[in-house]
Amino acid sequence: MKALKAQRWLPLPPSSNTATPYTPLCLGIALNLAFVEMSSAEEIPLASETLKSKGIQQGLAVALNQARASSNVVDIIIAEELGRMPEHNLAEVLDGVAGVQITREAGVGTALYIRGLDAHRAEINGVYLPGSNSERKSTNWEDLSPSLFSKIEIIKSPVAKTIEGGSGGTVNLITVRPLDLERTAAALHVEAQHNSLSSEGQWQPRVSAHWGDHWDAGAGRVGVMLNAAYEEQKVTAFRPRADRDNLITANSGADSAQDFDYLPIQFLVQDYDSFDYETFNAQGTIEWAPSEQVRVYLDGTVVEQNRQQYSSRVQASGVSSLASTVAPEHFSMVDFGSLNGENGTQQLGQIHAAERGVFPAQSDGLLDPNLRMSSDTRSRESHINLFSLGTDWSFEQWTGKFELSHSNNKSTYPDFSSTLNFINPNTPTGETNDNATPIEYDLSGGALAFGIAQGESNAPTSNQLLTAANYRLRDVLLAHDQLDNTENALRADFSYRIDQSIWTSVDAGYRYSDTQSERNEARSAAAFRTLDSSPSADLFSNVVAPGPNNYNAADGRSLYISDFLLIDPKHTHADPDGVISTLNAAIAANNAQTGADAVPISMPFSQPEAYYKINEKTHALYAQVNFDAGIVRGDAGLRYFTSDIEAMGNQVADDDVELRARTHQYSDLLPRINLVAPPHENLEFRASWSQDIIRPDFDDLSPSLVFSTSPYLPVETGNPELQPEEVTSYDIGAQWYFAPDSVASVTYFNKRLNNLIVPVLEEPAIDPDTGARDRTPPCEQGGVYNPITDQSVFPPPGTPSGMCVPVSYSSNTSGSTSLSGIELALQYDLSYLEGALGWASGFGVLANYTWQEYDGDDRYLPASNRASEVFAINGAYDVTMKQPLLDNAENSYDVSLYYEKYGLSARARYSWQDAFYTADFGSTETYPWGFPVVQEARGQWNASVRYAINNHIEVGIEGVNLTESAIEQSCVNSGALPCFQGLTERSISFGIALHY
């Protein structure tokens with residue numbers, strides 16, 4: 001990698017808090033220890049001071065120089081070299097920052113929380129990066145290759161220029177500017193990656209390359225920078241599930257009753273999650289500098305993500321029907337602890353739970369337990385484009401920037417999921433499309449294991465489990481959903497340098513954005529519930545394949561189901577039309593054999609009630625003054641915006657579909673202040689206060705709704721009149737630069753959220769005398785007018801169709817909540833002690849710790865009906881849980897030890913999170929026990945070693961989740977009832993890098 005140099009022809013701007021085209025490529029890494037902002041309060045070190053640095057240690061020094069010139073709180077991560085971020089996944093990179101926590105899907109980092117909020121704004125070179133779902137506040141971080149970016153800024157306290165909507169933080173991914181290159185820069189990185197749980201055992205390629213140069217074109221200088229990355233990744237996780245949310249009482253008289261109350265087995269699932277990622281990223285920049293005062297640039301980023309899901313589920317269903325007749329062989333004691341709810345703190349008590357036993361196959365009655373095999377193939381194909389055309393200029397005391405940008409994320413979600421019933425040839429078969437298979441379970445040690453009860457005489461053999469004639473088609477679900485998120489923007493930024501008295505500069509600007517989101521859903525489903533109507537799998541055996549048989553690879557368990565068949569998920573993805581034709585031919589052949597009238601499977605068709613198109617036009621103005629009074633410096637500014645919303649959706653009643661549009665407007669004034677007070681040359685105190693917003697998700701704004709004939713079922717719809725949530729933030733902190741290139745920092749932060757968006761169920765008014773509901777729109781006293789509802793209830797009879805019915809939607813509430821926390825960070829680099837330590841001076845440490853507390857809002861989650869029965873046994877009634885903060889641990893820390901010397905660059909990192917509540921659990925759409933589950937405390941080791949053979953060749957090895965740390969999840973409370981697991985894999989990659 002060639003060195004970079006500063007460009008004298010283009011001065012550094014006096015104020016810029018996000019991506020600037022002047023940002024140099026700093027070769028190194030700085031993690032969660034630098035509060036960085038390109039501010040007019042002080043001159044930032046010129047690029048020439050740092051551009052010749054290389055490696056971890058020098059990069060950390062660069063970050064500290066920038067930090068000491070800042071005014072607002074920004075964490076910064078700098079690549080060790082172009083194309084070399086510390087991790088291969090951007091979420092994992094960001095997870096090393098104080099106050100940042102991530103969520104993982106099958107072990108891959110996907111979502112981001114900053115200081116407890118997932119409401120962040122993602123940008124590439126200051127241009128909005130739209131997500132692939134309706135939650136505008138989230139980004140799919142696995143779509144982006146870290147190798148494209150030279151620097152990442154996580155802005156935690158905004159300035160007036162910072163675009164509204166990043167109340168958690170703004171993450172700006174910055175690429176290299178070609179006119180900052182000193183010479184031609186070219187590199188090729190080639191790696192091979194292997195994941196420990198993949199049943200195929202393949203090595204996956206990861207390739208990235210970059211080339212950049214600039215030259216004199218006669219009419220000024222021209223520079224070009226090109227980056228590209230391609231990656232294939234196979235990710236696997238095993239997720240066992242065991243439901244024990246029913247009750248057998250000691251005095252019930254059931255055959256399985258004991259002399260104590262206990263929780264029997266309700267449901268068992270062996271979930272195998274498998275995702276194949278094929279990711280292509282390309283980024284390019286063209287710059288033209290016709291003079292020393294003007295620069296024109298064109299940036300472009302293209303992302304192609306093809307994520308295929310090849311997951312499977314084996315379900316032991318119907319075991320609940322045996323709970324009253326078959327007793328467990330062994331029990332464990334569960335302590336549910338206490339919950340804070342509407343009735344204060346309630347003690348939930350202890351109860352026994354089934355832990356080990358056998359369910360024999362029934363020979364009559366319901367013929368339980370049933371064995372079902374499903375293939376889950378909900379995939380995602382995303383096409384992302386970001387382009388910006390702009391110019392930076394300077395004239396005497398003025399500097400400015402004009403930019404036009406376009407960003408788009410078009411995603412489709414193909415899904416071909418299916419379920420087969422195993423028909424055990426050793427047990428009787430009834431009229432329903434299932435029969436009995438004996439099941440053995442052992443949940444001891446939290447392993448949540450089950451399998452075929454081989455000790456039973458009617459247990460199926462391995463050969464029978466792999467015979468297509470023993471399977472029947474039960475369910476088929478097809479989908480082809482589409483989502484298109486787009487933003488077009490124009491911005492103009494100006495700064496005037498004053499340099500008089502304490503005032504250093506004044507900034508002002510304007511931004512216009514046109515944001516759109518459009519969703520279409522296409523679905524179809526087929527169900528076969530009788531034996532006659534469900535075709536045997538031998539009629540479609542060419543699309544059936546054995547499921548993965550390595551479910552013991554993660555923890556060495558001996559009890560699991562290794563032999564089974566399912567509809568091949570890879571076949572359904574590669575040729576869905578062909579698979580549908582095969583299944584329909586099987587349905588027709590089965591109808592001819594049995595006389596059944598099962599209808600064929602249809603292609604997915606549009607769901608008009610799910611359609612929406614949201615258009616949001618926003619105008620924003622800002623102004624800011626920057627000052628330096630010697631002992632205090634900083635900035636103070638205001639940002640004003642106004643947004644006009646047009647929401648379109650469908651009103652569906654029987655076969656009538658009516659497109660309707662609703663409009664709304666909101667505006668706000670957002671003050672932002674940042675202060676820095678350095679009482680000593682090695683000590684700085686910082687404080688900031690700001691206001692921001694969290695805009696409603698797009699689907700929350702959709703006016704689409706569907707009417708049924710039932711007067712009882714609520715109509716679900718969005719609310720185009722939603723206001724944004726308002727967030728007031730402040731933080732105060734101190735940084736102590738106790739040694740060269742070293743710092744210790746502490747920061748306290750607080751976020752108060754008002755105007756919260758909460759779900760509402762609005763009931764219609766009922767006349768107290770007649771019992772009749774309001775029958776005239778627009779239902780002023782509550783509910784929504786349903787023109788087709790059944791008139792056989794709510795007298796008087798004989799009236800025309802139509803009445804007010806319940807409606808469910810989101811609304812703003814007067815309630816509020818708050819988040820607060822403390823961030824501690826340490827960087828200590830020993831390179832300045834080379835004379836005293838010699839080789840040991842290559843060591844250094846990066847560490848951070850975050851504590852955060854959530855006050856909770858006014859929402860309470862009720863226990864499910866079965867859970868309420870269990871809690872009532874111990875005298876706890878009407879149990880509720882105050883809405884917890886999801887996916888955020890109260891305590892977390894991250895420690896990295898690195899060594900860099902003699903061509904060797906090594907890093908070991910341990911990250912740990914305390915237990916937290918989450919909605920990311922097994923294959924069910926509703927909360928078990930009525931509450932989100934608790935993900936128990938977990939730590940993870942990552943490490944990498946690289947060695948530079950010479951100035952042009954480097955080899956390395958990297959490992960992620962080295963100890964294969966498992967995810968353990970409990971229901972109701974931490975340490976209470978084990979109910980879900982996530983057995984994740986180790987990822988190892990070997991690579992070589994060639995530099996020019």
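**Pockets, cavities and selected residues of the chain**

The second largest pocket has a lining of 23 residues, and those nearest its centre are Tyr854, Pro884, Leu885, Glu890 and Tyr917. The model described here is predicted. The space in the second largest pocket comes to about 610 Å³. Sorted by class, its lining holds 10 nonpolar, 8 polar and 5 charged residues.

The largest cavity contains about 380 Å³ of space. Its lining is made of 27 residues; nearest the centre lie Asn89, Gly107, Val108, Gln233 and Val960. Two or more lining residues come from each of strand 3 (108–114), strand 8 (185–195), strand 10 (221–243), strand 12 (267–291) and strand 50 (938–948). The lining of the largest cavity comprises 13 polar, 8 charged and 6 nonpolar residues.

The second largest cavity holds about 250 Å³ of space. It is lined by 20 residues, with Arg121, Arg136, Glu164, Gly165 and Arg695 closest to its centre. Strand 4 (120–124), strand 25 (503–520), strand 30 (612–628) and strand 33 (683–694) each supply two or more residues to this lining. Strand 25 contributes the most, with 3 residues. Charged residues number 8 in the lining of the second largest cavity, beside 6 nonpolar and 6 polar ones.

The chain as a whole contains 54 strands and 8 helices. Its radius of gyration is 30 Å, close to the 30 Å given by the globule rule for 996 residues, so the chain is as compact as a globular protein of that length. The C-alpha trace spans about 90 × 70 × 55 Å along its principal axes. Of the 996 residues, 60% count as buried. Contacts between residues at least 6 apart in sequence were also considered; 74% of them join residues at least 24 apart.

Individual residues illustrate burial. Phe540 sits in the loop between strand 26 (522–527) and strand 27 (544–546). Its relative accessible area is 0%, so Phe540 is buried. Leaving aside residues up to four places away in sequence, Phe540 touches Leu420, Leu473, Pro535, Ile567, Thr582, Leu583 and Ala586. Phe540 and Val579 lie 39 residues apart in sequence, and their C-alpha atoms are 8.7 Å apart in space.

Thr642 belongs to strand 31 (residues 633–653). Its relative accessibility is 17%; Thr642 therefore counts as buried, the cut-off being under 20%. Beyond residues up to four places away in sequence, Thr642 touches Lys617, Thr618, His619, Gln665, Tyr666 and Ser667.

Backbone geometry was then inspected. The peptide bond from Asp368 to Pro369 is cis, and its omega is near 0°. Pro369 lies in the loop between strand 18 (350–359) and strand 19 (370–376). Pro777 and Pro778 are also joined by a cis peptide bond, with omega about 15°. Pro778 is found in the loop between strand 38 (757–762) and strand 39 (784–786).

Tyr902 is not a glycine, yet its phi is positive, at about 55°. Tyr902 is placed in the loop between strand 46 (891–901) and strand 47 (904–913). With 58% relative accessibility, Tyr902 counts as exposed. Trp929, likewise not a glycine, has a positive phi of about 65°. Trp929 falls in the loop between strand 48 and strand 49 (933–935). Its relative accessible area is 2%, so Trp929 is buried. Tyr902 is thus exposed, whereas Trp929 is buried.

Definitions and conventions. Residues numbered from 1 in each chain as written. Predicted model: local features only at pLDDT ≥ 70, side-chain atom pairs only at ≥ 80, totals over all residues. Heavy atoms only, no water. 1 Å grid on protein atoms, 1.4 Å probe; cavity = no way out; pocket = protein on both sides within 12 Å on 5 of 7 lines; lining within 4 Å. Points joined across faces, edges and corners; volume = space filled by probe spheres on them. Helix = DSSP H or I, 4+ residues; strand = E, 2+ residues; numbered from the N terminus. Nonpolar A, V, L, I, M, F, W, Y, C, P; charged D, E, K, R; others polar. Rg over C-alpha atoms; globule rule 2.2 N^0.38 Å. Buried < 20%, exposed > 50% of the residue type's maximum accessible area, 1.4 Å probe, protein only. Contact = heavy atoms within 4.5 Å.
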